[in-house]
Amino acid sequence: MELFLQSLFNGLSIGSVLLIAALGLAIVFGIMGVINLAHGELMMLGAYTTFVVQNVFRGFGEPWFGFYIIAALPLAFLVAALAGVLLERGVIRYLYGRPLETLLATWGVSLILQQLVRSISWLMCLQIGVFCLLFFGGLWGVKRRPDFERIRNGAIAILLPLSAGITLALGAILGKSAGLALTQPWFGAQGVDVTAPGWLRGGIPIGTFQLPYVRLFIIALTVVCVVGIYLFLLRSPWGLRIRAVTQNRSMSACLGIPTQKVDALTFAIGSGLAGIAGCAISLLGSVGPNTGQNYIVDAFMVVVVGGVGKIIGTVVAALAIGLVNYIIGSGIFISMVSPDSALFNFLTFFATTSMARVMVFVLIILFLQLRPAGLFPQKGRTVDA
């Protein structure tokens, strides 16, 4: 009985991690139809935000350090949401209705974000600020001219290389004079560790095992996120606008709904949830530039199996995949099978984390052959549109 309860809890905790990682992806992918391959990197930004907040609160000492996670959660949401809005306004808004281009563009953004985290330093921040000041400030000044539309391309052709040249020259001069004080990367390519606060260490003992407080916290956080998103989409005016734009964008625009604001808000919420997921994941292991990549494939599988655009499907699929993944990988079935049988060797082969994931993917492929639209397929006229 204890083994069953332990397996059930561990499976639910893994499913909760998957769910909180997939919830934002389900909103963006399911409601907006955008395949965002940079979603894992938004999770990574949330994890690094948690790391930074932890270091800031560590300087305050106890008892403030114990509450850093409370401050890290909203900050991780805001940082990831801001990055999501910049991604939507700068890239994706030009690619709606073009899934292949969106896929490639977000993949490129994910690579840029990974390298940005490896290389970010004070000097790079200064260069980015100087470039933005010169280029966008110059463009703002040119826009005030009455003949801006006629000279726009020429102004950009001059401002872009001029701003880049001044920025690179300034960076080279400062890099040689200031040395490591400005050029040393903040994080580097190595992973960094986030320490759970004291009240999240340990667990509730039940027989010979215990329920870790960290995983209980993640389960509770997941419940809060799911209930919050459900209430926002179904009970708030902006949730009503989002659902209206999802069903019929043209008619919504005719009725006065600001569709572009709805797109930005939806992407910000989905990205912010990725930031919260990154904050939760940082409590379970080291944080590195590839942290998000470890969850993005499973998160997509959750969305596909649950049914595109169905939050209840995402919940059920995340918990089911988490349970099956743990039960196969932990080798629980092995204790129920005779060591002399052929089935014992088969189960032993898949009783590892990596091979359990392979088995789960095989089961998902077989499941999708039977139900291509997932557990909870969309119904109504919008499916045929």
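Okay, let's start with a group of rings: Tyr48, Phe51, Trp122, Trp186 and Phe187 come together as one aromatic cluster. Keep in mind that this is a predicted model.

How many aromatic pairs are there? The count comes to nine. I'll walk you through two of them.

A quick reminder on the wording: we describe a pair of aromatic rings by how far apart the centres are and by the angle of the planes. Take Trp122 and Trp186, from that cluster. Their ring centres are 5.0 Å apart and the planes sit at 65 degrees, so we call this pair edge-to-face; the cut-off for that is over 60. Now, where are they? Trp122 is in helix H5, residues 122-143, while Trp186 is in the loop between helix H7 (180-183) and strand S1 (203-206), so the pair ties together parts 64 residues apart in sequence. Trp122 counts as exposed, at 53% relative accessibility, and Trp186 is partly exposed at 38%.

On to the other pair, Trp199 and Phe217. It's edge-to-face too, with 5.9 Å from centre to centre and 85 degrees between the planes. Trp199 lies in the loop between H7 and S1, and Phe217 in helix H8, residues 213-235, so here the parts tied together are 18 residues apart in sequence. And is Phe217 buried or exposed? Phe217 is buried, with a relative accessible area of 16%, whereas Trp199 is partly exposed at 42%.

Arg93 lies over the face of Tyr94, 5.5 Å from the ring centre. Arg241 does likewise with Trp238, at 4.5 Å from the ring centre.

How values were computed
Residues numbered from 1 in each chain as written. Predicted model: local features only at pLDDT ≥ 70, side-chain atom pairs only at ≥ 80, totals over all residues. Heavy atoms only, no water. Phe/Tyr/Trp six-rings, centres within 6.5 Å; stacked < 30°, edge-to-face > 60°. Helix = DSSP H or I, 4+ residues; strand = E, 2+ residues; numbered from the N terminus. Buried < 20%, exposed > 50% of the residue type's maximum accessible area, 1.4 Å probe, protein only. Lys NZ or Arg CZ within 6 Å of the ring centre and 35° of its normal.
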